[in-house]
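Colleague: Please take me through the structure below, one feature at a time. Start with the general idea in each case, then show me where it applies.

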Amino acid sequence: MTQQEIIDRLENITWLMAEVENTYVKNELEEITEALRTEFNYSDTYEQEVKEVLNYDETMFNLNNIKIR
């Protein structure tokens, strides 16, 4: 399941809980959804920073072009 699918499913369940007026569960799901969004954004940002520090694309290109004789 992708990050977006997780968020979408949580939002659908949150909507359902609002419709049946289960405020406690709705509020909990909203909090969980927001925490996941924050974590996903942090994770994506961290991955990008690592790629930049390691110069990932150039490093992978160089590794792929190593010739062993």
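Colleague: Is Glu21 buried or exposed?

Modeller: Buried means under 20% relative accessible area, exposed over 50%, and partly exposed in between, with a 1.4 Å probe and protein chains only. Glu21 has 68% relative accessibility, so it counts as exposed. This is a predicted model, in which local features need pLDDT of at least 70 and side-chain atom pairs count only at pLDDT 80 or more, while totals for chains, interfaces and linings use all residues. Residues are numbered from 1 along each chain as its sequence is written, and side-chain values use heavy atoms, with hydrogens and water left out.

Colleague: Where is Glu21 found, and what is its phi?

Modeller: Most residues other than glycine have a negative phi. Glu21 is not a glycine, yet has a positive phi of about 60 degrees. Glu21 sits in the loop between helix 1 and helix 2; helices here are DSSP runs (H or I, at least four residues), numbered from the N terminus.

Colleague: How should I read the confidence, and in which helix is it lowest?

Modeller: pLDDT is the predictor's confidence in each residue, from 0 to 100. Where pLDDT is low, the predicted coordinates should not be read in detail. Here the protein chain averages 88, and 100% of the residues score at least 70. Confidence is lowest in helix 3 (residues 56–64), at a mean of 86, and highest in helix 1 (residues 3–19), at 90.

Colleague: How many residues does helix 2 have, and what does it reach from its first C-alpha to its last?

Modeller: The expected span of a helix is 1.5 Å times one less than its number of residues. Helix 2 has 32 residues and reaches 47 Å between its first and last C-alpha, close to the 46 Å expected.

Colleague: Which residues of helix 2 are buried, and what do they pack against?

Modeller: The buried residues are Leu29, Thr33 and Phe40, and they pack against helix 1. Contact means heavy atoms within 4.5 Å. Thr33 has 4% relative accessibility and therefore counts as buried. Not counting residues up to four places away in sequence, Thr33 touches Ile7, Leu10, Glu11 and Thr14.

Colleague: What is Phe40 in contact with, its neighbours within four places in sequence aside?

Modeller: Phe40 contacts Gln3, Ile6 and Ile7. At 15% relative accessibility, Phe40 counts as buried. The C-alpha atoms of Phe40 and Gln4 are 9.6 Å apart, although 36 residues separate the two along the chain.

Colleague: How many salt bridges does a search of the whole structure find?

Modeller: Side chains of opposite charge can pair when their charged atoms come close. The criterion is a side-chain nitrogen of Lys or Arg within 4 Å of a carboxyl oxygen of Asp or Glu. The search finds 4 salt bridges. One of them joins Arg37 and Glu11, with the closest N and O atoms 2.1 Å apart. This pair links distant parts of the chain, Arg37 being in helix 2 and Glu11 in helix 1, 26 residues apart. Arg37 is partly exposed at 31% relative accessible area, and Glu11 counts as partly exposed at 35%.

Colleague: Which residues make the nonpolar surface patch?

Modeller: Patches take residues with over 30% relative accessible area and no salt bridge, joining like charges within 9 Å and nonpolar side chains (Val, Leu, Ile, Met, Phe, Trp, Tyr) within 5 Å. Tyr56, Met60, Leu63, Ile66 and Ile68 make a nonpolar patch of about 530 Å²; accessible areas come from the Shrake-Rupley method with a 1.4 Å probe, and for residues only the protein chains shown count as cover. Ile66 lies in the segment after helix 3 and is exposed, with a relative accessible area of 52%.

Note on methods: Helix = DSSP H or I, 4+ residues; strand = E, 2+ residues; numbered from the N terminus.
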